[in-house]
Each structure stands twice: as structure tokens, then as C-alpha cells.
Amino acid sequence: MERYESDTEGDEQETPLLHRGHEDKVQRAPACCSFRYGLAFLSCYGFFVVYSLRVNLSVAMVDMLNNTHHSSGNHSGSLCPSHSHPPRPKRNHTASVYDWDSETQGWILGSFFYGYILTQIPGGYLAGRFGPKWLMGFGILGTVIFTLLTPVAADLGPSYLIAVRVMEGIGEGVTFPAMHTMWAVWAPPLERSRLLTISYTGAQIGTVISLPLSGEICFYLDWTYVFYIFGAFGILWFILWTFMVYDSPNTHPWISERERVFITTSLKNELCTSGNNIPWRAIVTSRPLWAIVVAHFSYNWTFYTLLTLLPTYMNDILGFSIQQNGMLSALPYLGCAVLAVLSGQVADYLRERCQYSTVKVRKAFTIVGMMGPAVFLVAAGYTGCNYTLAVTFLTLSSSLGGVSASGFNINHLDIAPSYAGILLGITNTFATIPGMVGPVIATALTKQNTIEEWQTVFYIAAAINLFGALVYTLCGRGTVQPWAVHTS
């Protein structure tokens with residue numbers, strides 16, 4: 001008979017009953033030089049590649065357009081005094097430039113999400129059915145190949161470039177569900193926060209590095225090399241992934257017996273042994289799952305608002321061209337990455353050493369990681385032309401969002417590890433919608449580019465964030481659900 005806690009009353013007892021007894025029966029395998037932490041760092045590299053390929057077009061687009069106002073230092077139209085910088089000398093580039101209007105640019109930049117949203121749920125299903133290693137590997141490899149084809153597609157026309165970006169989105173769409181499926185069999189319950197935050201921090205690191213580096217590549221070489229250089233990083237990752245990663249500890253030829261037994265024993269009462277029968281009805285009617293859906297949707301609304309509109313706010317309101325300071329554009333994501341990793345360490349410490357239940361830890365980190373960004377986002381709208389304070393508040397807003405990485409973001413593995421990939425596919429499908437509609441709504445609300453209009457945008461994002469935190473606090477759970485644990 002498996003022992004798992006009920007959906008309602010038993011969350012407080014989850015840690016000592018479900019996990020601690022099983023992990024104490026086997027000697028804990030050290031983290032140093034372990035394959036589970038090796039997987040964490042290699043998958044971090046993978047998500048670095050994924051996000052580098054996702055955001056580098058936004059920087060390269062400046063040099064791809066056949067006009068000069070994108071690179072000029074004139075910000076006289078901003079509400080606040082402009083922050084002048086010494087102009088950089090012009091360089092003779094041989095890459096093509098294009099006459100794309102703003103509507104075409106919008107379709108090119110947004111087309112990625114139309115492919116990305118298509119493969120979330122199929123990615124979770126295929127990873128569980130056929131194994132996550134090759135799905136993850138070929139998903140990123142496909143994205144790399146289409147990235148390398150970007151200069152050719154741009155020369156052929158915007159429709160070809162849009163098609164290439166859609167295909168990149170399709171390839172990247174399987175990565176998070178596949179990795180969640182991988183962690184379901186590789187991450188001991190009391191190490192989940194540590195391992196997953198290391199793994200998924202690659203997304204922020206990719207943004208932090210690719211934003212300024214893409215600008216330098218465009219300046220010293222030309223925009224085509226942005227895609228070639230980051231594509232080469234992706235090829236190298238695929239080679240390492242092919243030879244070093246396996247679907248489970250039991251199939252890994254080099255893992256020590258101590259680590260293999262430690263991982264499999266800690267998970268033996270959580271994983272379903274009849275994986276071919278997916279309880280779809282129980283999944284789609286699960287209240288804990290929908291709590292994650294609402295939280296994920298709400299968090300991404302704020303995240304994508306900052307990701308897509310922060311350069312506009314800096315330029316049009318604060319009078320600062322973010323293209324002239326790549327590190328400033330990367331600062332919020334650097335803070336997010338640092339706090340995500342730290343929160344993972346603290347979350348597992350609270351669960352393992354202090355014996356706080358998983359649900360309490362997940363809810364506490366979700367509240368901090370969603371309410372904190374809401375407060376500082378609203379505060380940023382009232383800083384006026386105080387440039388330093390505005391940047392500080394926006395950075396704090398994005399950084400505190402990293403705390404939620406140890407909250408709702410990995411809760412799929414707590415409530416149904418056997419179906420974690422499918423669950424993440426469902427929640428990430430809904431969480432992609434803000435990336436498609438949020439910036440459109442925000443742009444419609446800021447036609448006059450006044451501070452009051454931007455305050456409305458920030459208030460909406462903050463309100464959605466608070467709503468998501470409230471729903472998750474009321475309905476979130478931290479134990480394996482009854483429908484997720486059964487035997488043949």
C-alpha cells in the first residue's frame with residue numbers, strides 16, 4: 001500500500017510522512033560530482049541556449065531595418081530629460097537591411113509564441129511516452145537549425161522569417177515539459193527546489209548574456225553573426241546532451257550505485273507504475289492544477305509586460321535608450337536568476353532541515369515571488385523622472401519574481417510527478433497567452449505615452465499578479481494527488 005496524503009487536511013504532515021522516512025533508509029548520495037547535479041547544470045546550459053535564441057532577434061532587429069532612427073541617440077520625444085551617451089563610430093557592415101513597417105516587425109517578433117503554444121501539451125505527453133532525453137535534444141536542435149537559417153529566411157522575405165520563427169517556437173515548446181518529465185525521475189523530493197532552480201535559471205542567464213552580447217556582435221561584426229554564434233553554442237550543447245544524459249538513473253551506465261539507489265528509493269512511492277493510462281479527467285478537473293494555471297498565467301503577465309515593454313518605457317518616458325546599455329537591460333534578469341537559485345536552496349532547507357511542509361513552502365515563496373513584483377512595479381510608476389529609483393524598482397520587481405521559481409513553478413512535481421510534463425504543458429499553454437495579448441493591451445493603453453497611462457499598465461499587471469497569488473494560496477497543494485499514484 002502506498003502512503004500519500006489526502007488533498008485537503010494532511011498537507012502539514014507531508015514532509016515527515018511521505019519523504020523523510022524513505023530518504024533516511026538509504027544513505028544520501030553526495031551532491032558533488034553527482035550525475036543529478038550534472039544534469040542540472042547541463043540542462044541549465046540548454047535553457048541558456050533556448051532563451052538566447054529566443055531574445056537575440058529583438059536586438060538584431062535594430063540593425064536589420066533600413067533606417068537610422070533606431071540607432072540614434074536622440075530621445076527628445078521622451079517625457080524626461082534624455083540621458084546622452086557618446087555616439088559609437090559607424091562600421092561598414094555587409095549584411096542586408098530591410099524595409100519592414102512596424103506591423104511586419106510585430107508579426108515577426110510575435111510569431112515565435114504561435115509555434116511555442118502548440119507543442120506544450122503534446123511535449124508533455126510525448127516525453128512521458130517516448131522519453132524526455134531525445135525530445136528535449138531534438139527540440140533544441142531543431143530550434144538551432146532554424147536559427148542558423150534566419151539570415152537566409154530574412155533575405156527571402158518576411159513571410160519566410162515568420163515561418164522560421166514559428167518553427168523555432170514549435171521546437172522550444174517541448175523543452176520545459178520534457179525537462180519536467182526528466183526531473184520526475186531524477187530529482188529526489190527534498191532536492192527538487194535546488195535542482196530545478198539551477199536547471200531553469202539558464203533561461204535568465206541566456207537573457208542576461210544574449211542581450212548585451214548580441215549588441216556587441218552586431219556592432220563589431222554584423223547582425224547575421226548573432227544567429228551563427230548562438231547557433232554554434234546550441235550545436236555544442238546537443239553533442240554534450242547526446243553523450244552525457246540518460247532518461248533515468250536506472251538506464252545511466254556511469255552513475256554510482258549509491259546515487260542510483262538514493263534517487264529511486266526516495267521516489268518509489270511517488271511514481272506511477274502504469275504510465276500508459278493517463279487519468280485525463282482527473283488531471284483537467286484537479287483543483288491544485290488549476291491553482292498553478294492561474295498563478296503561472298498571472299506571473300507571466302507581469303514577466304512579459306516587462307520583457308517586451310521595458311525598452312519602450314525606458315526610451316519614451318525616462319529618455320534612455322536601452323540599446324546603448326546592454327547590461328542595464330539585462331540587470332532585472334540577472335537579479336531574477338540570482339534570487340531563483342538562492343530561493344531553491346532556502347526552500348529545500350526549510351523542507352528538509354526545518355521540516356516545514358511542502359505546501360507551506362510553495363505558498364510562501366509564491367506570495368513573495370508574486371506580491372513583491374506587484375508592489376515594486378506599481379511603485380516604479382510613481383518615480384517620475386527619478387531615473388535611478390525607477391530602474392531600481394523595476395529591477396527589484398523582476399528580481400523578486402525569481403523567488404516564485406521555488407513556489408508554484410515546480411509544484412507540478414509535488415502533486416503528480418509521473419505526469420509532471422503533461423501538467424507543465426497545460427499550465428505553460430495558458431501562461432503563453434500573456435506573451436501574446438499582454439503587450440498588445442499595454443500598447444493600446446499607452447498611445448499618448450504619458451506617465452498616467454503607464455501607471456494604468458502597471459496597476460493591471462500588479463492586480464493580475466495579486467489575484468494569481470490569492471488563488472494559489474487558497475487552492476494550492478503540496479502532496480501527491482490520489483489520482484497520480486497507483487499500480488498496475
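Biologist: Where does Cys-33 lie?

Modeller: Cys-33 is in the loop between α1 and α2 (35–64); helices (H or I, at least four residues) and strands (E, at least two) are DSSP runs, numbered from the N terminus. This is a predicted model, in which local features need pLDDT of at least 70 and side-chain atom pairs count only at pLDDT 80 or more, while totals for chains, interfaces and linings use all residues. Residues are numbered from 1 along each chain as its sequence is written, and side-chain values use heavy atoms, with hydrogens and water left out.

Biologist: Which residues have a positive phi although they are not glycine?

Modeller: Most residues other than glycine have a negative phi. Here Cys-33 has a positive phi of about 65°, and Gln-355 has one of about 60°. Gln-355 belongs to the loop between α14 (326–352) and α15 (358–380).

Biologist: Is Cys-33 buried or exposed?

Modeller: Buried means under 20% relative accessible area, exposed over 50%, and partly exposed in between (1.4 Å probe, protein chains only). Cys-33 counts as exposed because its relative accessibility is 72%. Gln-355, at 42%, counts as partly exposed. Across the protein, buried residues make up 58% of the 488 residues.

Biologist: How is confidence to be read, and where is it lowest?

Modeller: pLDDT is the predictor's confidence in each residue, from 0 to 100. The protein averages 85, and 87% of the residues score at least 70. Helix α1 (residues 14–24) has the lowest confidence, at a mean of 42, whereas helix α5 (residues 132–148) has the highest, at 97. The value stays under 50 over residues 1–24, for which the model has 62 contacts beyond four places in sequence; contact means heavy atoms within 4.5 Å. Residues 69–76 also stay under 50, with eleven such contacts.

Biologist: How many helices and strands are there?

Modeller: The protein has 19 helices and zero strands. Among its contacts between residues at least 6 apart in sequence, 86% join residues at least 24 apart.

Biologist: What span should the residues of helix α3 have?

Modeller: The expected span is 1.5 Å times one less than the number of residues. Helix α3 (residues 102–116) has 15 residues and should therefore span 21 Å; its end C-alpha atoms are 22 Å apart, which agrees. Helix α18 (residues 420–445), with 26 residues, reaches 37 Å from its first C-alpha to its last, close to the 38 Å expected.

Biologist: Where do α3 and α18 bend?

Modeller: The bend at a residue is the angle between axes fitted to the seven residues ending there and the seven starting there. In α3 there is a kink of about 35°, centred on Gly-110. Helix α18 bends by about 35° at Val-437, and Pro-439 follows within four residues.

Biologist: How many of the residues of α8 are buried?

Modeller: Eleven of its twelve residues are buried, so α8 is largely enclosed by the rest of the structure. Among them are Phe-176, Met-179, His-180, Trp-183 and Trp-186. In α3, the buried residues include Gln-105, Ile-108, Phe-112, Phe-113 and Tyr-116.

Biologist: How many aromatic pairs are there?

Modeller: Rings of Phe, Tyr and Trp (its six-membered ring) pair if their centres lie within 6.5 Å; planes under 30 degrees apart count as stacked, over 60 as edge-to-face and the rest as tilted. By this rule the count comes to 30 aromatic pairs. Phe-112 and Phe-113 are edge-to-face, at 5.6 Å centre to centre and 85° between the planes. Tyr-419 and Trp-483 have their centres 6.4 Å apart and their planes at 25°, so this pair is stacked. The pair links distant parts of the chain, 64 residues apart: Tyr-419 is in the loop between α17 (412–415) and α18, and Trp-483 is in the segment after α19 (451–475). Both Tyr-419 and Trp-483 are buried.

Biologist: Which residues do ring pairs link into a cluster?

Modeller: The cluster consists of Phe-112, Phe-113, Tyr-116, Tyr-299, Phe-303, Tyr-304, Tyr-333 and Phe-408.

Biologist: With which residues is Leu-400 in contact, leaving aside its neighbours within four places in sequence?

Modeller: Leu-400 is in contact with Leu-339, Val-368, Gly-369, Gly-372, Pro-373 and Phe-376. Leu-400 lies in helix α16 (residues 387–401) and is buried, with a relative accessible area of 19%. Its C-alpha atom is separated by 5.8 Å from that of Pro-373, 27 residues apart along the chain.
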